[in-house]
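Please look through the sequence and the model below before reading on. The briefing that follows takes up salt bridges, the sheet and a loop residue in turn.

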Amino acid sequence: MDYVALNNGVKMPMLGYGVYQIEEAECEACVSEALEVGYRSIDTAQAYLNERAVGKAIRKSSVPRSELFLTTKIWVSNAGYEKAKLSIEKSLENLQTDYIDLVLIHQASNDYYGTYRALEEYYREGKIRAIGVSNFYGDRLVDLAEFSTVMPAINQIELHPFYQQNDLREIMKDYQIMPEAWSPLAEGKNNLFTHDVLKAIGSNYKKTAAQVTLRYLIQLGVIVIPKTIHRERMIENITIFDFHLTEEEMKQIAQLDTNQTLFMDHHNPMVVKELTKLGKIETMDK
């Protein structure tokens with residue numbers, strides 16, 4: 001496993017296990033398998049409604065808590081200084097841990113400035129080891145970074161071969177904010193798993209298109225958190241540290257970028273409106 005030092009010196013695995021859209025009933029078993037396979041970074045969120053399952057799996061695991069890197073995210077409905085603090089306490093309870101390694105603001109909606117003040121407070125108290133954001137475009141990221149006392153360590157964003165976010169990554173580089181890719185395999189869209197370019201490169205190393213994709217992103221300096229409920233895919237996704245793409249292969253994959261989202265455009269007013277609606281719905285593990 002490769003690790004990266006965040007801007008506050010905390011070490012984070014470059015590859016983790018994401019649990020988005022995994023129902024609570026099966027999430028505990030999936031996380032337990034991921035830990036058995038060798039994953040040491042687990043990414044969840046209040047809005048995923050599976051924090052408790054993640055906490056149970058970690059509690060039952062023989063892996064020491066100190067060897068794990070645990071991420072969660074504060075949802076829009078819990079935005080604002082006071083509500084964010086209450087939600088952090090609830091996340092600590094759900095995850096059955098005294099501290100969380102990384103807590104992110106899930107969306108740049110509602111009172112995320114108040115939320116970030118709460119994160120800074122818990123960071124200084126040592127209950128959170130690193131703080132950051134998710135789905136922040138350049139304008140809002142720069143504004144938050146310029147007026148914060150603790151620089152965001154991470155911006156978790158849509159990032160895959162078809163949407164490589166080059167301009168945003170350059171801005172993040174200026175602030176030493178690490179990019180982390182949600183849906184690094186694009187959920188298989190644009191035929192990623194059978195894509196001619198990715199398959200051809202993979203044939204040079206006896207690797208799949210998915211493994212080539214994850215290797216590419218890591219070589220770009222992007223943290224990845226692929227999700228799967230299948231053990232064989234967990235093993236496949238983590239077996240990417242035994243080969244290295246050439247400069248020419250990196251250039252070939254770079255050319256796949258369309259600079260267009262495959263999921264949602266956060267600049268679209270209708271998307272913001274839908275997030276605003278979600279901000280009025282309680283979506284945290286009870």
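A salt bridge is a side-chain nitrogen of Lys or Arg within 4 Å of a carboxyl oxygen of Asp or Glu. This is a predicted model, in which local features need pLDDT of at least 70 and side-chain atom pairs count only at pLDDT 80 or more, while totals for chains, interfaces and linings use all residues. Residues are numbered from 1 along each chain as its sequence is written, and side-chain values use heavy atoms, with hydrogens and water left out.

**Salt bridges**

- D101 is buried, with a relative accessible area of 0%, whereas R129 is partly exposed, with a relative accessible area of 33%.
- K251 and E247 form a salt bridge with their closest N and O atoms 3.7 Å apart, and, being four residues apart in helix α10 (residues 247-254), they are separated by about one helical turn.
- K251 counts as partly exposed at 44% relative accessibility, while E247 counts as exposed at 60%.
- Salt bridges that share partners join E33, E36 and R231 into one network.

**The sheet**

- Eight strands form an open sheet with parallel pairing, in the order β3-β4-β5-β6-β7-β8-β9-β10, where two strands pair if DSSP finds at least two bridges between them.
- At the edges stand β3 (17-18) and β10 (223-224), each with a single partner strand, so one side of each is left without a neighbour in the sheet.
- Helix α3 (residues 81-95) packs on the sheet and touches β5 (69-74), β6 and β7, where contact means heavy atoms within 4.5 Å.

**Strand β7 and its partners**

- Six of the seven residues of strand β7 (residues 128-134) are buried, so this strand is largely enclosed by the rest of the structure.
- Strand β6 (residues 100-105) runs parallel to β7 and is joined to it by five bridges, and I105 stands opposite V133 in β7.
- Two bridges join β7 to strand β8 (residues 154-158), and these strands run parallel; in β8, the bridge partner of S134 is Q156, and that of V133 is N155.

**A loop residue**

- S183 is placed in the loop between β9 (178-182) and α7 (196-203), and with 16% relative accessibility S183 counts as buried.
- Leaving aside its neighbours within four places in sequence, S183 is in contact with L159, H160 and F263.

Notes:
Buried means under 20% relative accessible area, exposed over 50%, partly exposed in between (1.4 Å probe, protein chains only). Axes are lines fitted to C-alpha atoms, for helices over the stretch in contact, and angles run from 0 to 180 degrees between N-to-C directions.
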